Amino acid sequence: MLTETITQPRAKGLADLPSVQTDSLLQLIALCNADPRPHKIDVGVGVYRDSVGRTPVLQVIKEAEAILLKTQETKGYLGMSGDKRYTELLRPIVLGRHAGDERIAGVQTPGGCGALCLGFDLIARANPDARVLVGGPTWPNHPPIIRSVGLEIIDYPYYERGQATIRFEDMIQALGNGRPGDVALLHGCCHNPTGADLGDEQWAKVTEVVADRGLIPFVDLAYQGFGRGLEEDASGLWRLLDVCDEVLVAQSCDKNFAVYRDRVGNLFVKTGSMDTTATAMAHVMQSAREMWSMPPDHGAAAVRIVLDTPELAERWHVELAQMRDRINSVRQRIASADPRLSFIGRQFGMFSMLPLSKEQVVELRESHAIYMAESGRFNVVGLSDEQVDPFVEAVLHVMNG
Ligand SMILES: Cc1ncc(COP(=O)(O)O)c(C=O)c1O
């Protein structure tokens, strides 16, 4: 008797997952950690470091945390919008002269990353056909966040690494080719990874084109205060708010309050009317509910206490200025070492890109124990004061071949 073999279709399970390409920066961290050479230099890191290579908790945050410990009576839920007073206190800092505009609403998010996720999700809910115009290179997490909500990306070249210049004509042309309702993703300041920020006149032109084309600007403001100053770093955003009815802002306190792991940010949404803003925020709350239900409280509560206590707020400005001054003074030190590095002194924020080939980046790693991203992106304040000279020497050595 013949027996028939019946092959049951096997249900798919976790074992069917494809492998994921690990983030190259994470691979770099692992390589650096495993390097036993005591003089190794890690400029791949994405956080501020002081003159001796630490990422300290700000004194004002320490004091706010002590107040929080003493005064917090409950850890009961705060609700989906998080700490409303915290968001309100950030309005004048982030929105400046637009802080009183009731068509702008804000909500606490887990870091700038959470704000980007929420903002792009809102765009996708409003118009799944919107395309997002993204200048390259950009922060490597931007494209996956945009794609995760199903939006299409239109890339355009933003920066010419060899010349260390912004490809402004290309940028304007790309924005000019945008369709009404498309989104222009813009770095508010301290461009990551290039350090190349738009100047005032360039912001004016970008604003004009964005408004003319009916694009929605989405400003990523992750490093406010790390470039030229709190106000100067938001001036491009404020120009956009002057003329555009619909604007999104993903803001982060993780760097300028040095609370990275506490995940502290906000999404601000401007629409043409208070009614539309209310509807948009109802959608934002719905998405937040699905993604994380409620944002983590601790870091935002500490930031709220700092900003709500005049003496602490004043000292935060001083601590922020100290971080900014260090960033800019390391930039000047590197820039003055060789004309080929002078562009670093004209840029802002923690990051810059060296015009190195992949082979040269590998040579820096293997022969000089210097760890940076393959693109040549490095963090200027990844360097302690005493590491600046050996770093510059090694870079010039490799550049000279
Ligand atoms: C350009 C840019 N946007 C957003 C973020 C996200 O910041 P957060 O750590 O607050 O999520 C970063 C962090 O590195 C960034 O560089």
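Tutor: On a 1 Å grid over the protein atoms alone, a cavity is a set of points where a 1.4 Å probe fits but cannot get out; lining residues have an atom within 4 Å of a point. This model is predicted: local features need pLDDT of at least 70 and side-chain atom pairs pLDDT 80 or more, while totals for chains, interfaces and linings use all residues. Residues are numbered from 1 along each chain, and side-chain values use heavy atoms, without hydrogens or water.

Student: What volume does the largest cavity have?

Tutor: A search of the whole structure finds one cavity of 30 Å³ or more. Counting the space filled by probe spheres on grid points joined across faces, edges and corners, the largest cavity has a volume of about 160 Å³.

Student: Which element gives the most to the lining of the largest cavity?

Tutor: Among the 19 lining residues, Tyr158, Met171, Leu186, His187 and His191 are the closest to the centre. Strand E3 (131-136), strand E7 (183-187) and helix H8 (230-243) each supply at least two lining residues (DSSP runs; helices at least four residues, strands at least two). With three residues, the largest contribution is from E7.

Student: Is His98 buried or exposed?

Tutor: His98 is in the loop between helix H3 (84-95) and strand E2 (104-109). Beyond four places in sequence, His98 touches Arg91, Ile104, Trp238, Leu241 and Asp242 (heavy atoms within 4.5 Å). Buried means under 20% relative accessible area, exposed over 50%, partly exposed in between (1.4 Å probe, protein chains only). Because its relative accessible area is 10%, His98 is buried.

Methods: 1 Å grid on protein atoms, 1.4 Å probe; cavity = no way out; pocket = protein on both sides within 12 Å on 5 of 7 lines; lining within 4 Å.
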